[in-house]
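Grab a pencil and work through these exercises with the model open beside you. Try each task on your own before you read its solution.

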Amino acid sequence: MATLVVTEALVQCAVGATPSAMTIIGNIIAGEGMIGNISSAIPFVNIEGFSVCSILAAATFGAKTECVPAIESWIPGVPTVLAGEEAALDQTSMLVCDEGGVITIEFPGQIQINAAA
C-alpha cells in the first residue's frame, strides 16, 4: 500500500546540498495534511531550493550556485487515487530536474502504521 505525500513532506535532490520541505496547496486532507498531486511541483511554491546545486557549481568552477529546481511534474503518481482531479503523490514519486538532478521523497509527511496480527 502506498503512503501518500502530504504537507511538510521532505524531498531531496540527488545533486542538492540540503533537503527541502514541501508545501501542498489545496483542500484534500488525509491523515496529517493536504495530499499532493503530480502538479505539486512549482519551484518556490511547492518545493524550495536545495541550497547549492553541485551540477551548477561545477559549471561555474566551484562558485556557490543557488539551486532553483527546473522541473515539470512528478512521475508516476498514483493514478488510482485522485487529488484535485490528478494522480496523487506517494513515497515512490520523483521529479527529474532539467539541470540533471533527480528529486525524491525522503519522508512523505505521514507515517503508515501497520497493526500487529
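Keep in mind that the model is predicted.

**Exercise 1.** Work out which pattern of helices and strands the protein follows along its sequence.

*Solution.* 
- Step 1: Count the elements. There is one helix, and there are eight strands.
- Step 2: Now look at contacts between residues at least 6 apart in sequence: 62% of them join residues at least 24 apart.

**Exercise 2.** Find the order of the strands in the open sheet of four strands, and say which strands are its edges.

*Solution.* 
- Step 1: Trace the sheet from one side to the other. The order reads β2-β1-β8-β7, and the pairing is antiparallel.
- Step 2: Look for strands that pair on one side only. Those are β2 and β7 (94–96), the edge strands.
- Step 3: Zoom in on one pair. β1 (residues 10–13) and β2 are joined by two bridges, and L10 stands opposite A21 in β2.

**Exercise 3.** Decide whether S20 is buried or exposed, and list what S20 is in contact with.

*Solution.* 
- Step 1: S20 sits in strand β2 (residues 20–21).
- Step 2: Check its accessibility against the cut-off. Buried means under 20% relative accessible area, so S20, at 3%, counts as buried.
- Step 3: Skip the neighbours within four places in sequence. S20 is then in contact with A9, L10, V11, I47, E48, G49 and F50.
- Step 4: Pick out a polar atom of the S20 side chain. It lies 3.2 Å from the backbone nitrogen of E48.

**Exercise 4.** Describe how β5 and β6 are connected.

*Solution.* 
- Step 1: Get the direction. Strand β5 (residues 78–83) and strand β6 (residues 86–88) run antiparallel, with three bridges joining them.
- Step 2: V78 has A88 in β6 as its partner.
- Step 3: Look at the turn. The two strands form a hairpin with two residues between them, and G84 in that turn has a positive phi of about 65°.

Conventions. Residues are numbered from 1 along each chain as its sequence is written. This is a predicted model: local features need pLDDT of at least 70, side-chain atom pairs count only at pLDDT 80 or more; totals for chains, interfaces and linings use all residues. Side-chain values use heavy atoms; hydrogens and water are left out. Two strands pair if DSSP finds at least two bridges between them. Buried means under 20% relative accessible area, exposed over 50%, partly exposed in between (1.4 Å probe, protein chains only). A polar contact is a pair of N or O atoms within 3.5 Å; within protein, one must be able to donate a hydrogen and the other to accept it, and residues adjacent in sequence count only if both atoms are side-chain atoms. Contact means heavy atoms within 4.5 Å.
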